[in-house]
Amino acid sequence: MLHAGVTTLWLTAAGGTDLGSTLPADRAFSLGGPQSFPGYAPGEVRVRAYWTVQGNVLWRVADILPILNQALYGGLGVEAGHVHDRVDPVADGGLYGGSVYIGGRTPIGTLTIGVGKATGAWAAWVTLGTPVGSGSILDQPIFR
């Protein structure tokens, strides 16, 4: 993560494989949602192996309560990846996406509102509070 005044840039790389195991489909890796390919619904893409690279830029829009480090940010994200051995009947291949969002730590909790477009899909979201993890390396929320 790189901070430059009121702008923050971060890059994320993630991947996984089931190492050829015979785990049931509900144990496959899931992609989709605000932390991982925001153009898909949470867990929409289920695979047995994948890799992704994501970049995000945040701009501080307004201070809400500076003494508590609460501020509102606008953001832009892009992501690319490749999936292998999909659980659904969709062919394996590359995935690409982008998103725009606003959010931050507020007096009522962490708030994020955004919209994303990904290969063959789009999604919008509103979150309040820290999302419940699904056991993915990508579970970290945008605003901690």
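**Notes on the predicted model**

1. Overall make-up. The protein has eight strands and zero helices. Read from the N terminus, the order of elements is β-β-β-β-β-β-β-β. The model is predicted, and the points below should be read with that in mind.

2. Burial and contacts. Of the 144 residues in the protein, 39% are buried. If contacts are limited to residues at least 6 apart in sequence, 53% of them join residues at least 24 apart. The exposed surface comes to about 8100 Å², and carbon and sulfur atoms supply 64% of that area.

3. Backbone at F37. This residue is not a glycine, yet F37 has a positive phi of about 55°. F37 sits in the loop between β3 (29-31) and β4 (45-65). Is F37 buried or exposed? Its relative accessible area is 1%, so F37 is buried, the cut-off being under 20%.

4. Backbone at D85. Here too a residue other than glycine has a positive phi, with the value for D85 near 55°. D85 belongs to strand β5, which covers residues 70-86. Its relative accessibility is 46%, and D85 therefore counts as partly exposed.

5. Strand β2 (residues 7-17) contains L9. How far apart in space are L9 and N56, C-alpha to C-alpha? The distance is 5.7 Å, while the two residues are 47 residues apart in sequence. L9 is partly exposed, with 35% relative accessibility.

6. Nonpolar surface patch. Five side chains, W59, L76, V100, V115 and W122, form a nonpolar patch on the surface. Together they have about 510 Å² of accessible area. One of them, W59, is in strand β4. The relative accessible area of W59 is 41%, which makes this residue partly exposed. A patch member needs over 30% relative accessible area, and W59 at 41% is over that cut-off.

7. Salt bridge D18 to R48. How many salt bridges does the structure hold? There are three. In one of them, D18 pairs with R48, and the closest N and O atoms are 3.9 Å apart. D18 lies in the loop between β2 and β3 and R48 in strand β4, so this pair ties together parts that are 30 residues apart in sequence. D18 is buried at 17% relative accessible area, whereas R48 is partly exposed at 22%. The pair counts as a salt bridge because its 3.9 Å is within the 4 Å cut-off.

8. Salt bridge R60 to D63. R60 forms a salt bridge with D63, with 2.7 Å between the closest N and O atoms. R60 is partly exposed, its relative accessibility being 31%. D63 is also partly exposed, with a relative accessible area of 47%.

9. Salt bridge D88 to R86. The closest N and O atoms of D88 and R86 are 2.9 Å apart, and the two residues form a salt bridge. D88 has a relative accessible area of 25% and is partly exposed. R86, with 16%, is buried.

10. Aromatic pairs. The structure holds two aromatic pairs. F29 and Y50 form one that is edge-to-face, with 5.2 Å centre to centre and 65° between the planes. The pair links distant parts of the chain, as F29 is in strand β3 and Y50 in strand β4, 21 residues apart. The label edge-to-face applies because the 65° between the planes is over 60 degrees. Which of these two residues is buried, and which is partly exposed? Y50 is buried at 7% relative accessibility, while F29 is partly exposed at 29%.

11. Points to look at together. F37 is buried, whereas D85 is partly exposed.

Definitions and conventions. Residues numbered from 1 in each chain as written. Predicted model: local features only at pLDDT ≥ 70, side-chain atom pairs only at ≥ 80, totals over all residues. Heavy atoms only, no water. Helix = DSSP H or I, 4+ residues; strand = E, 2+ residues; numbered from the N terminus. Buried < 20%, exposed > 50% of the residue type's maximum accessible area, 1.4 Å probe, protein only. Contact = heavy atoms within 4.5 Å. Areas by Shrake-Rupley, 256 points an atom, 1.4 Å probe, with all protein chains shown as cover. Patch = residues over 30% accessible without salt bridge, like charges linked within 9 Å, V, L, I, M, F, W, Y side chains within 5 Å. Phe/Tyr/Trp six-rings, centres within 6.5 Å; stacked < 30°, edge-to-face > 60°.
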